[in-house]
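Trainee: Hi! I've just opened a structure that is new to me, and I'd like a tour. Could you walk me through it?

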Amino acid sequence: MANQEDLFKNIISHAKEYGFIFQSSEIYDGLSAVYDYGQNGAELKKNIRDYWWKSMVQMNENIVGIDSAIFMHPTVWKASGHVDAFNDPLIDNKDSKKRYRADVLIEDHVAKIEAKIQKEISKASERFGDKFDEAVFRSTNPRVVENQKKIDEINNRFKNALEKNDLTEVRQIIIDLEIVCPVSGSRNWTEVRQFNLMFSTQMGSVSEDAGTIYLRPETAQGIFVNFLNVQKTGRMKIPFGIAQTGKAFRNEIVARQFIFRMREFEQMEMQFFVKPGTEMEWYNKWKEARMKWHRTLGFPESKHRFHDHIKLAHYANAACDIEFEFPFGFKELEGIHSRTDFDLKSHEQFSGKKLQYFDSDDNQNFVPYVVETSIGLDRMFLAILSQAYKEEKLEDGSDRVVLNIPPMLAPIKCAILPLVKKDGLPEKAQEIMDVLKYDHLCSYEEKDSIGKRYRRQDAIGTPYAVTIDHQTLEDSTVTIRERDSMKQERIPVDNVAKIVSERVDMRKALTQLN
Ligand code: ATP
């Protein structure tokens, strides 16, 4: 684990050193769990967003995209259940004065028991080789059975406590499991309290007139309240989807793990409106489609897994997460939820307006059911960054840090490098840059040795570097160097744009989604 921790630290400092992510307001010592994206981070983030948008909106004739406001009528959040139920149970340790999410303490405890089971399984799998049957082993090995029983008991007890909103019982579970504070090592816990995660502010200049409004904690509600606007103006027929990307805000109790859990973050959500009764079919389709989307980015299969929710949110009749193996373990990257007609029905009640679809095939009005896919753009960014970051030892004994970012997402597609800063090479290089910039975001660099410049481009994940040397002036050829293999090839300058285009084209990934 120490290794993974070091790796994660290295990734965080690399992200800062190479202009991907800065702490917000750093000169004032930062603002907790708020981050800024630098020149390379903003590009990578935009490319991930574009890939998502294209795969949702451009590739699906029945999905359209909108951009709703962050501020919404306060009743929206009453109707959605966020005012009353968007809470996390928090608990403090009296010795360390550290604050925790009670559910996370319990989940971490369960994860430790699960890790013991996994250890037994890998040991046995090594011992039995091809003959190993995990399902049989899980149901017969006494230690595994015993540990699984413990997990099930904890989960059941916890689920019951949450359903009854019994916070005394939640605290008792923590006491009974002898969970200690990781900082003080003590079991001196306060009561468990509910804490609402929405940020609020005042709208209007005169305080008496001012109403409390919220910064949206999810983008989904902007889609629900526009459901009929979009359906009518877009003449959409069910099943259809509405997508949007945008900022969301949550006053997270414990914000940690870099951009994994932020107080201001960006979501990419799609709500798919279906006929009641067909929602499970669509839920399963979207589960598969979303997993495919992740896999087309070239991650090894072992990096993702589904995790079904045991405690369903107040609006869901089925829900799962796609988890990604971050350097700190498997964690939620995306949620897929079957939200029933909860949101639209609730908005009908609170607004007094009908939010129904008229099905001309069977002459019927109904409130559609909804299947949602919801992914955090920043978490996706972290998944890509942590997978791409490699510390390599080269054949000549030197080291390099390279980001193997999928080329279509790389912040800069091609570096244009004059070998030396004289003899007309910079002018020639600039000429090439002026042609290439119409197709791709390129970067021109003339300072430092060529080796150093290659390393800098590797470190930000630029898939190609083109070097302009004296021969270029004679025969209009350049060397093109590929990031991952570091292979160099001499090619006519006119071929550069085509080679780069082929490699960075999103089309290949998009075709795999079908
Ligand atoms: P978690 O259990 O990690 O708090 P959640 O289940 O509350 O997440 P959802 O409400 O399902 O998350 O939000 C959908 C997606 O938004 C998540 O899968 C995640 O990628 C992203 N997300 C949620 N909260 C944050 C946050 N504080 N910082 C960054 N991304 C977030």
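Mentor: Happy to! One term before we start: two strands pair if DSSP finds at least two bridges between them. Also keep in mind that this is a predicted model.

Trainee: Okay, bridges. Which residue in E12 is the bridge partner of Asp 308?

Mentor: That is Cys 320. Asp 308 belongs to strand E11, which covers 304-308, and E11 is joined by 5 bridges to strand E12, residues 318-326. These two strands run antiparallel.

Trainee: And what is the strand order in the sheet they belong to?

Mentor: The order is E3-E9-E10-E16-E13-E12-E11, an open sheet of 7 strands with mixed pairing. Its edge strands are E3 (63-65) and E11, and each of them pairs on one side only. On average, neighbouring strands here are turned by 25° against each other, direction ignored.

Trainee: What holds paired strands together in general?

Mentor: Strands of a sheet pair through backbone hydrogen bonds, in either a parallel or an antiparallel way.

Trainee: I think I can see another sheet. How many strands does the E5-E4-E6 one have?

Mentor: That open sheet has 3 strands, with antiparallel pairing. Strand E5 (99-101) and strand E6 (193-196) are at its edges with a single partner strand each, so one side of each has no neighbour in the sheet. From one strand to the next, the twist averages 45°.

Trainee: How many bridges link E4 and E6?

Mentor: There are 4 bridges between E6 and strand E4, residues 87-92.

Trainee: Let's zoom out. Into which domains is the protein divided?

Mentor: Domain 1 is made of two stretches, 2-86 + 197-386, while domain 2 covers 87-193 and domain 3 covers 394-511. The C-alpha centres of domain 2 and domain 3 are 50 Å apart.

Trainee: Now the ligand! Which residues come nearest to it?

Mentor: Of the 17 residues around the ligand, the nearest are Glu 252, Arg 261, Met 262, Glu 332 and Leu 333.

Trainee: How far is the side chain of Glu 332 from an oxygen atom of the ligand?

Mentor: An N or O atom in the side chain of Glu 332 is 2.6 Å from a ligand oxygen atom. In the side chain of Arg 379, an N or O atom lies 3.0 Å from an oxygen atom of the ligand. Phe 260 takes part through its backbone, where an N or O atom is 3.4 Å from a ligand nitrogen atom.

Trainee: How much of the ligand does the protein cover?

Mentor: On its own, the ligand has 590 Å² of accessible area, and the protein covers 86% of that. Strands E10 (264-274), E13 (329-340) and E16 (369-376) are the elements that each give two or more residues to the shell. The largest share, 5 residues, comes from E13.

Trainee: What classes of residue make up that shell?

Mentor: The shell around the ligand has 7 charged, 5 polar and 5 nonpolar residues.

Trainee: Last topic, the backbone. Where is the cis peptide bond?

Mentor: The cis peptide bond joins Ile 238 and Pro 239, with omega at about 5°. Pro 239 sits in the loop between helix H10 (227-233) and strand E9 (240-249).

Trainee: And what about the phi of Ala 33?

Mentor: Ala 33 has a positive phi of about 60°, although it is not a glycine. You'll find Ala 33 in the loop between strand E1 (21-23) and strand E2 (35-37).

Notes. Residues numbered from 1 in each chain as written. Predicted model: local features only at pLDDT ≥ 70, side-chain atom pairs only at ≥ 80, totals over all residues. Heavy atoms only, no water. Near = heavy atom within 4 Å. Polar contact = N/O pair within 3.5 Å; in protein donor to acceptor, adjacent residues only side chain to side chain. Areas by Shrake-Rupley, 256 points an atom, 1.4 Å probe, with all protein chains shown as cover. Nonpolar A, V, L, I, M, F, W, Y, C, P; charged D, E, K, R; others polar. Domains from an automatic or database assignment. Axes fitted to C-alpha atoms, helices over the stretch in contact; angles between N-to-C directions.
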